[in-house]
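Hi,

Here is the structure I promised to pass along. Have a look at it first, and then read on for what turned up.

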Amino acid sequence: MMKKKVLALTLAAFVACGAAGCGGEEKKPAPKPENKQTTNVKKDEKQKAPEKKVDPAVKHAQEVMKLPHVAKYDKMSKDAYPHLKWGSTGYSYKDYPGKGKEGKGALLAYGEVVAGFHRTLASDDRPTFKLDDGREVKGSENYDIEVLVGGCKGNCVIEATSTYTKRMDPASYKKPHVEKKVLVPFDKTYVRHDENGKKWVTHEKCGTK
């Protein structure tokens with residue numbers, strides 16, 4: 001009876017040890033597959049950012065501003081009043097500035113551009129003063145050049161004018177000091193045509209467009 005018990009215990013221990021993996025080489029858990037994602041994308045298959053479409057009229061105006069016979073007015077505006085240290089440039093390509101209803105779409109219709117070159121006092125150079133009604137305001141001094149560039153083949157300067165405006169004290173703030181000059185008189189050989197709904201220009205200097 002005693003031998004049977006010992007045998008039974010030995011057998012049970014052997015089974016338990018075998019189930020637990022005792023003895024011999026230790027079994028290691030099988031490695032889990034790595035969760036890596038690989039993507040093969042060919043260069044020509046990469047998505048390209050959509051190209052921004054530029055309005056042809058805007059592109060034309062930008063090119064006009066770079067023309068030497070137009071860009072020179074930027075230097076002229078700086079040289080005229082060196083103390084006006086701040087400045088900017090800009091252009092109109094659709095509506096003719098200062099022409100009201102008559103100027104609506106006038107530039108765009110003939111392919112013309114009005115280039116603007118502007119100079120002004122730096123903020124720290126503008127004096128502060130009070131008006132008769134007690135309001136405190138800042139003075140201003142500005143110089144502006146406007147250049148009409150034709151829609152002709154050569155994009156010639158058809159007219160150029162300048163305006164100097166000074167409001168540096170209470171008196172001139174109410175009634176500004178203004179000086180207007182014609183830098184280039186309007187070229188009378190530049191003619192706008194409007195016939196049967198079609199608009200074009202002719203210019204003796206560079207031809208018809």
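Leaving out residues up to four places away in sequence, which residues does Ser172 touch? They are Lys166, Arg167 and His177. Before going further, please keep in mind that this is a predicted model.

Ser172 sits in helix 5, which covers residues 170-174. Its relative accessibility is 11%, so Ser172 counts as buried, the cut-off being under 20%. The side chain of Ser172 also reaches back to the backbone nitrogen of Met168, at 2.9 Å. Arg167, one of the residues that Ser172 touches, lies over the face of Tyr173 as well, 4.1 Å from the ring centre.

Now the inside. Nonpolar side chains tend to be buried together in soluble globular proteins. Here the largest nonpolar core has 18 residues, and the ones that touch the most other members are Val70, Tyr73, Phe117 and Val147. At least two residues of this core come from each of helix 2 (56-66), helix 3 (68-80), strand 2 (113-120), strand 5 (140-149) and strand 6 (157-167). Strand 5 gives the most, with 4 residues.

Setting aside its neighbours within four places in sequence, Val147 is in contact with Tyr73, Val113, Val114, Ala115, Phe117, Val157, Glu159 and Ala160.

Last, the rings. The structure holds 5 aromatic pairs. One of them joins Tyr91 and Tyr93: this pair is tilted, with 6.4 Å from centre to centre and 55° between the planes. Both are partly exposed, Tyr91 with a relative accessible area of 32% and Tyr93 with 25%. Phe186 and Tyr190 make an edge-to-face pair, because their planes are at 75° and the cut-off is over 60, with the ring centres 6.5 Å apart. In that pair Phe186 is partly exposed at 31% relative accessible area, whereas Tyr190 is buried at 3%. There is also an aromatic cluster formed by Tyr81, Tyr143 and Tyr164.

Cheers

Note on methods. Residues numbered from 1 in each chain as written. Predicted model: local features only at pLDDT ≥ 70, side-chain atom pairs only at ≥ 80, totals over all residues. Heavy atoms only, no water. Core = buried A, V, L, I, M, F, W, Y, C linked by side-chain atoms within 4.5 Å. Buried < 20%, exposed > 50% of the residue type's maximum accessible area, 1.4 Å probe, protein only. Contact = heavy atoms within 4.5 Å. Polar contact = N/O pair within 3.5 Å; in protein donor to acceptor, adjacent residues only side chain to side chain. Phe/Tyr/Trp six-rings, centres within 6.5 Å; stacked < 30°, edge-to-face > 60°. Lys NZ or Arg CZ within 6 Å of the ring centre and 35° of its normal.
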